[in-house]
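I open this notebook to record what I looked up, entry by entry. The structure comes first, and my notes follow.

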Amino acid sequence: MPKKITVLKKPRPIDSFPQLEESLLKLWNKERTFEQSLKRTKRGKRFVFYDGPPYATGKPHTGHLLPGTLKDVVPRFKTMQGRYVERRFGWDCHGLPVEYELEKELGIKRRQEIEEMGIGTFNDKCKSIVLRFTKEWEKVTTRLGRWVDFEDDYKTMDPDYMESIWHIVKTLYEKDLLYEGRQSMHICPRCATPLSNFEVALGYADRNDPAVFVKFPLATDPYTAFVAWTTTPWTLPGNVLLAVNPDLRYVEVKQGNEKLIVAESRLEHTFGKGAKVLRTISARQLVGKQYAAPFPVAGLEGKHYRVVADASVTADEGTGVLHVAPAFGEDDMRIGKREGAPLVQHITINGEVTEPFDRYHGMPALEANEPIIADLKRAGRLLRKESVTHSYPHCWRCDTPLLNYATRSWFVSVKKLKERLVKENKEINWTPEHVRDGRFGQWLEGARDWAISRYRFWGTPIPIWRCGNGHLEVIGSRAELKQRSGKAPADLHRQHVDRITFRCKECKEEMRRIEDILDVWFDSGSMPFAQQHYPFEHRQDFAKDYYPADFISEATDQTRGWFYTLHVLGTAMTGRKAYRNVVLLGLILAEDGRKLSKRLKNFPELDPFFAEYGADAIRLCLMMQPIVRGEAARFSEKAVGEVLRNFTGTLFNAYSFLATYAAVDKWKVSPPPAKPKHVLDRWVLARLDELTRSVTDALERYDMLAASRELYGFVDELSNWYIRRSRRRFWKSGDEADKRQAFATLHHVLVTFCRLAAPFAPFITDHVHRELTGESVHLADWPKDDKARDAALLKQMQQARQAVRLGLAARSQAGIRVRQPLTAAYGPKLASPEIAAMVAEELNVKDYHPFDEEDESFGRTARPVPKAVATVAGDRTQAVLRDIKAGKFKRDPDGSYAVGTVKLPADAVELRFEKRGHVTESDGTTTVSLDTDLTPALVGEGLAREVIRHVQEFRKESGLNVEDRITLTLSSDASELSKAVESYRDLIAEETLARTLALGDVSSKAKQVDVGKHSLRMALKRA
């Protein structure tokens, strides 16, 4: 157990923050800090976190750092609040991603090659590559500082996991939420399997395809023809019907010796301007007419190849005449079923043309387009051809263009669940909020039944057995399978269960398992149940300890993937939502705004990236981007470098400053007084309480952006306001009580801040916290804010800091450096002389005066803010605006304005004061004016301040400790500079810790610097 620190040690220099992180990783491993954090909260209320499983068939890259960080920030925060957060890592093991990877390695092109190899051999090879890069994932995840349990991980290929999936399938079947059907779906011809509608949504990309205008002559008149338009010429051999819209008007157009029929609204699009219309026809007149098919199938003439009416025919594109091939389209299949039309399915599941069209036999469907078009042209059936670029679905794993195809599948009846899914979604807290009713809510409103069958090999077998008479039996466990067959294989993959048979309970025929495996998204959507091996384990405590999740997070595209399948299966199984809070992550873009791409190499390699910047800077930089609110954002190494300097470096320097002076004084660690005397101590403690409240509130809302930016900003305030303004209090002798109060205040602030920032920057906060307390920050409690904080002081200090910013801007405008003292500054009335003196010192002026609005030497200019005025003044706005411009108003002590009987807030008027000979800056509500007249005395003091700066830098270069006293010799040939040094000898000696300060000749080894236009030589040594 680490010993609690009572006296701070002198800080150890840090040469590399990334190397510090590496040493802390070893320390955490040695001390088992993660395990300790879980142990100390074991009896706390559970906070349930579901971790979406990645595939380990590919290496992690920069894009994975974002979700990895967020999934660590929230559990760390909740653990510090006393919640028990189980963090099991998971692995997606099944499905097309794994099969495709193996097929590439083995050079497999066709499904038949797998069947010839043998399903068992193929699956064994899949299993062998599934966890190929787990070590790389573990290495990167650990280096990121993410705490997760790799030892008690879950894998979707584990028998226990698969058994729970079987239970889910059986439960769905028993609830009448599972059925077998034949529908028009998208298939991947390369993978030879159907895809679900949400898988299709994952893979849209632009594609260029031929679009053809095809003539369909009437069966009774070869010179009169319908014209239909299609971007899928390969479907034309499957044509059995034409459809027209019953609400559209159609026209017959003269073209050479032919009469062609199209919708009136599509006339110009089809034929161009000037087409000769012979007559107008109603859709009703066209229905029932028979036509000659471009690729007729024997036996279909007469009853089929006719025109029908359907409202789905659009006037937005094409000709207003729809070519209907029921085997290759959702609307086509619906129309075909209604009309009793056959499925002419001339394409196989592999996407190749088959009988009865021998001319194109064996051709891939899309490659058959051009030969088909050529044949149409030869037969005089082609009116014209064009090319279209459109968004087209591709396989989400192998990028093959998909085909719309009528095929069989088992379906989850999502439509039956729709009402419940929508209701439960209303109770989910989405970040960003608009996704609930927008992207996700709209997807649920239009939800279709989920096709879960895959005609593949490596996956969870659908546990349905069927006999020759069509009777079905769904098996929900290994015990049930053993009871029915006498066999219970340890492995539930196809090669082990496909051979298991048993007798049908109804007809005693042999039952065999159907060949399909489950959609891999069914695997991941089952995760809440299957990772716990429910219901075979945790049946009693599942609803209390494991469901639903309090928090999940993935990229935005998972609204069509994991978020959706979790919601569907969770709701189907329990009637309740699967998660309470979800954070969508946006797209990380490269610095130039393009997507991260291996081809473009526009993202850093991980090992050198960590070695250069460390994990803390990467994590915090990511959390400060709008990508944590679901937006796309550019990400650059430059931004990470800024976080490393401005946050990590500044936080360490703040600690180092405290430890350095506290060690010299041998200060004993103690808390700050309840009511500190010094205004800066009261302010920083109030500011810390405000930070605690805002960061806690932001994290409770899962607003990482707000929380991280609050933390980032506070470090700057602490360093560049509190520490810089308090610096002398830490080393000056005299008021020892004030010094101890300063030590205690800064110590408390740093310890509390480390706890607040620990979830975001776990390394530097742990180092500083250990150095200040002797204990790991990750075993500390989350800070509680003091609701009695001094809100008035916060406002007063904010006003003072704004006055300083404007005063420094005025100096910059005048071209006068800050070390040059000025006579006076004029600005807003401040709360106390103490704060006014602080502003005067910051601006390096002798006096600070509040503006006297009655002083006629100051000109006053007022500019109204119309929108703010109108909010209060209403129909009197114009009169109030005129009065403000004319100066007819009074300013009340609280900053508000009285214009007649109308009282306006401070931000309704931009007030500016000017004085001749002064330099003024204003932000509309606050004005600061500087008297820039330089007297000889002021110039001399300015030179002395420059001398002090150069001596302090010389001390650092000489390797002196901050507490070391010196002897100092200064020399200059410039009388003005020598006079300034003589006049301010005591000030220079005090500020530089010089026991003696001599003016005279110095050795040739002296350091020479320029002070303004003058040369100064310096020599010093430790006293």
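**Cavities**

I looked up the second largest cavity and found that about 70 Å³ of space lies in it. I work from a predicted model, in which local features need pLDDT of at least 70 and side-chain atom pairs count only at pLDDT 80 or more, while totals for chains, interfaces and linings use all residues. Residues are numbered from 1 along each chain as its sequence is written, and side-chain values use heavy atoms, with hydrogens and water left out.

A cavity here is a set of points, on a 1 Å grid over the protein atoms alone, where a 1.4 Å probe fits but cannot get out, and lining residues have an atom within 4 Å of a point. Grid points are joined across faces, edges and corners, and a volume is the space filled by probe spheres set on the points.

Among the residues that line the second largest cavity I noted Gly-95, Trp-396, Arg-454 and Asp-519. Helix H4 (96-106) and strand E22 (517-518) are the elements that give two or more residues to this lining; helices (H or I, at least four residues) and strands (E, at least two) are DSSP runs, numbered from the N terminus. By class I found six nonpolar, one polar and five charged residues in the lining of the second largest cavity, where Ala, Val, Leu, Ile, Met, Phe, Trp, Tyr, Cys and Pro count as nonpolar, Asp, Glu, Lys and Arg as charged, and the others, Gly among them, as polar.

The count of cavities of 30 Å³ or more comes to three, and the largest cavity holds about 130 Å³ of space. Of the 16 residues that line the largest cavity, Val-48, Phe-49, Glu-86, Gln-531 and Gln-532 are the closest to its centre.

**Loop between H20 and H21**

I then turned to the loop between helix H20 (527-530) and helix H21 (542-545), where Pro-535 is found. A cis peptide bond joins Tyr-534 and Pro-535, with omega about 0°. His-533 lies in the loop between H20 and H21 as well, and I noted for His-533 a positive phi of about 55° although it is not a glycine. Is His-533 buried or exposed? His-533 is buried, with a relative accessible area of 8%; buried means under 20%, exposed over 50% and partly exposed in between, with a 1.4 Å probe and protein chains only.

**Loop between H1 and H2**

Arg-32, placed in the loop between helix H1 (17-31) and helix H2 (33-40), has a positive phi of about 55° although it is not a glycine. At 43% relative accessibility, I list Arg-32 as partly exposed.

Definitions and conventions: On a 1 Å grid over the protein atoms alone, a cavity is a set of points where a 1.4 Å probe fits but cannot get out, and a pocket is an open set with protein on both sides within 12 Å along at least five of seven lines; lining residues have an atom within 4 Å of a point.
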